[in-house]
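Please open the model in your viewer and keep the selection tool at hand, as this tour goes from one selection to the next.

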Amino acid sequence: KDRRLDLGLTLVLLALVIASRLAAFPVSIWEQDEAVFSAAVIDFEPTDNRPHPPWFPLWIGMGKLVHMVGLEPAAALQVISLVFSIWIVFPLTALWSPVVGRRLATASAVLFLVAPGPWFFSGRAFSGTAATALLTAALACWIQAADRPRWLTAGSILGVLAVLVRPHYAPAIIGAALMIGFRVPARSRLRLLATLTIGLCLGAIALVIAGGGVAPMWSAMEIHADYHFSRLDQAERGLAGSGFSRSLGHPALVVAWLVLFHIGMIGVYGRGRWKDITPILFGALLPLMVVIYGLSNPAHARYALPVLALTCGLVAIGLERIFRKWWWVAVAGSAAVAVGLIGPQLTAYRSTLSPPVAALETAIDQAWDVQGTLVVDRSLHAFVVARELRQPIDVPVVFDHLIERGFATPPDASGTVFLFDAGHDDILIETESRMIFTTEIPLVRTLSQDRFLDLTVATGARLEEASLVEP
């Protein structure tokens with residue numbers, strides 16, 4: 001009887017998760033990295049930023065496989081992300097069950113799934129959702145593998161897959177593997193670490209071969225690293241503007257999450273289960289925080305997905321310690337509030353083209369109508385490349401930085417269509433007409449990287465000639 005009830009409740013939860021993810025499946029891509037990934041699915045060229053370092057080899061490989069079935073490149077990646085966003089309920093529950101019990105583990109999964117970030121990013125072409133699911137699954141296998149050596153091997157394979165999907169997770173996987181490895185007998189330790197090491201080495205070798213060798217890929221890495229790290233000092237590092245805060249929807253919710261997390265830590269210690277969570281907290285979560293806050297832009301909401309996954313179990317314990325036997329009411333209430341706030345925003349999200357996609361298509365049509373030239377803001381380069389690879393653009397395209405630097409002359413104003421993001425109109429002198437493409441979906445703005453939300457298509461655009469030719 002209990003097994004039938006368990007199965008029934010599992011199917012109900014899974015049905016709700018599937019419905020919630022389908023409701024949040026967007027009709028188009030919204031961000032630059034999604035455009036880069038979709039372009040790489042068509043033409044994998046790691047030395048030409050398709051995609052950018054560290055190249056996400058398995059993510060692009062999975063996209064190519066699904067693309068072969070007949071889906072558009074971006075849609076292929078979105079479908080893969082959607083599948084992982086549904087499947088993650090199982091590794092999340094498996095990860096936290098040994099620590100908090102099955103009921104609270106299920107509550108942990110619910111808290112993660114209804115958070116704005118995991119919900120809105122569930123159908124996006126980013127690698128984060130899939131990699132977070134694989135990371136969680138690897139940790140679940142390792143933590144439950146005390147007397148089951150085969151689970152150590154399974155965890156190592158899943159860890160390799162997580163790193164090949166999103167190499168940024170390598171420190172978390174390696175850190176957790178080392179902590180688990182020193183807890184198990186020598187033979188099991190060898191099994192765990194050897195499987196992980198061999199898998200990562202084989203993946204790296206395959207990537208180097210596909211990329212044309214070590215030298216060109218190293219050069220591409222250096223160029224990207226210089227650009228990436230030169231911009232980190234501009235990143236928002238306060239709590240209110242952090243990706244953690246954005247992913248939960250409001251700074252006050254981050255404070256509540258952190259308070260419950262620390263109460264949960266005390267609860268785990270009191271239950272004598274501290275040893276079970278140290279690989280999660282210190283092996284995986286701590287290295288992730290170093291990567292996010294030290295080597296990345298911590299204001300990006302999508303980077304917080306693994307942080308939420310690796311803390312939600314302790315948040316559930318915190319709720320149980322505060323509300324006692326009524327903890328399930330707190331979880332259900334939180335889920336209901338999330339659905340009430342997020343649900344009304346999903347209709348527009350899943351049915352409206354994003355501003356960059358809609359604006360680019362309109363600009364191409366208008367340039368074609370006047371048989372003119374399309375001048376594009378350089379920040380939209382990835383969208384143009386992805387569109388060109390998917391469907392050739394039948395009008396001349398010039399990027400604005402070439403005009404700014406004197407490598408191209410402004411085309412005749414009567415035939416110029418200028419597409420630019422907000423604040424990127426420095427070379428625009430005047431225009432005959434403008435069309436504004438924007439989004440009014442509040443959570444999209446909260447979860448965005450503060451770009452590609454307000455675009456302009458200017459027709460009959462007169463552009464300024466370069467005053468200085470740069471080398």
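Begin by selecting Tyr-349, which is buried, with a relative accessible area of 0% (buried means under 20% relative accessible area, exposed over 50%, partly exposed in between, with a 1.4 Å probe and protein chains only). The model is a predicted one, in which local features need pLDDT of at least 70 and side-chain atom pairs count only at pLDDT 80 or more, while totals for chains, interfaces and linings use all residues. Residues are numbered from 1 along each chain as its sequence is written, and side-chain values use heavy atoms, with hydrogens and water left out.

Phe-120 belongs to helix α7 (residues 116-120) and Tyr-349 to helix α18, 229 residues apart (helices are DSSP runs of H or I with at least four residues, strands runs of E with at least two, numbered from the N terminus).

Now select Trp-30 as well, which is buried, with a relative accessible area of 6%. Ring pairs link Trp-30, Phe-120 and Tyr-349 into a cluster.

Finally, move to the open sheet, where five strands follow the order β2-β1-β3-β6-β5 with mixed pairing (two strands pair if DSSP finds at least two bridges between them). At its edges stand β2 (397-399) and β5 (433-438), each with a single partner strand, so one side of each has no neighbour in the sheet.

Key:
Rings of Phe, Tyr and Trp (its six-membered ring) pair if their centres lie within 6.5 Å; planes under 30 degrees apart count as stacked, over 60 as edge-to-face and the rest as tilted.
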